[in-house]
Amino acid sequence: MDIDQTKIPQATAKRLPLYYRYLKNLSASGKQRVSSAELSEAIKVDSATIRRDFSYFGALGKKGYGYNVHYLLSFFSKTLDQDETTKVALIGVGNLGTAFLHYNFIKNNNTKIELAFDADEEKVNQEIGGVPVYHIDEFTKQIKEKDISVVILTVPVHVAQSIADQMNDTGIRGILNFTPARLTVPDHIRVHHIDLAVELQALVYFMKHYPV
Ligand code: ATP
């Protein structure tokens, strides 16, 4: 299973966690093989795309047999580094941030919010959802000490860039940005942007113009 991961297209890589979660459920229910048609129905990705994606993983489905669930699972767990927990920090303990602190990510995959930051004195020095909240002034120190590599950003849009600017030499390599700000960051930091308002608008647009 020695696969050059740099050859896996980004669009395929983005679907990996989705495949992984579904296959884990299949495996837990005792299923040993699965067809691309079954997978397609369950995760709503068309089966030609699934077959193409899986060919990058060296998984070749057999006609009338499907894919070996165990092979795929061990590939995904290796590729997604599920043996190791990725430590995450959250910045901005407002309504959205608080909801994330209460949401137990570790149930589904190996990421864990270890600590949170806010600028509001009333929110710091307490635990929310079992996660300690520190003042943003302690950001660099705590991030380095706790070996955090990913940050979830749920601050107001006008402070997002200045917070991102503090991440340069901290060991942070990924930002999940929930603010509408388009962040400028150095090359070693990857930003994934989730704008809930835009997603909702897109959904409504598609419902209207591409009815199923
Ligand atoms: P709330 O009702 O608690 O204010 P909200 O999600 O509507 O929630 P926002 O104004 O979006 O609030 O702010 C989100 C959080 O980000 C707040 O808890 C706020 O204190 C915090 N925040 C604001 N500026 C900073 C900053 N510079 N650094 C860290 N946290 C900040």
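Helices (H or I, at least four residues) and strands (E, at least two) are DSSP runs, numbered from the N terminus. The model here is a predicted one, where local features need pLDDT of at least 70, side-chain atom pairs count only at pLDDT 80 or more, and totals for chains, interfaces and linings use all residues. Residues are numbered from 1 along each chain as its sequence is written.

Let's start with two glycines. G97 sits in helix α5, while G94 is found in the loop between β3 (86-91) and α5 (95-102). G97 counts as buried because 23 other C-beta atoms lie within 10 Å; the cut-off for buried is 20 or more, with 12 or fewer for exposed and partly exposed in between, using C-beta atoms placed from the backbone. G94 has 13 C-beta neighbours inside 10 Å, so G94 comes out as partly exposed. Leaving out residues up to four places away in sequence, G97 touches L90, G92, A116 and T154 (contact means C-beta atoms, placed from the backbone, within 7 Å).

Both glycines belong to a "binding site" that an unreviewed UniProt entry places at G92, V93, G94, N95, L96 and G97. Such annotations may be inferred rather than shown by experiment.

Now for the ligand. Around it are 18 residues, and G92, G94, A119, D120 and I136 come nearest (near means a C-beta atom, placed from the backbone, within 6 Å). At least two residues of this shell come from each of α5, β4 (111-118) and α7 (157-165), and α5 gives the largest share, three residues.

How values were computed
Two residues are in contact if their C-beta atoms, placed from the backbone, lie within 7 Å.
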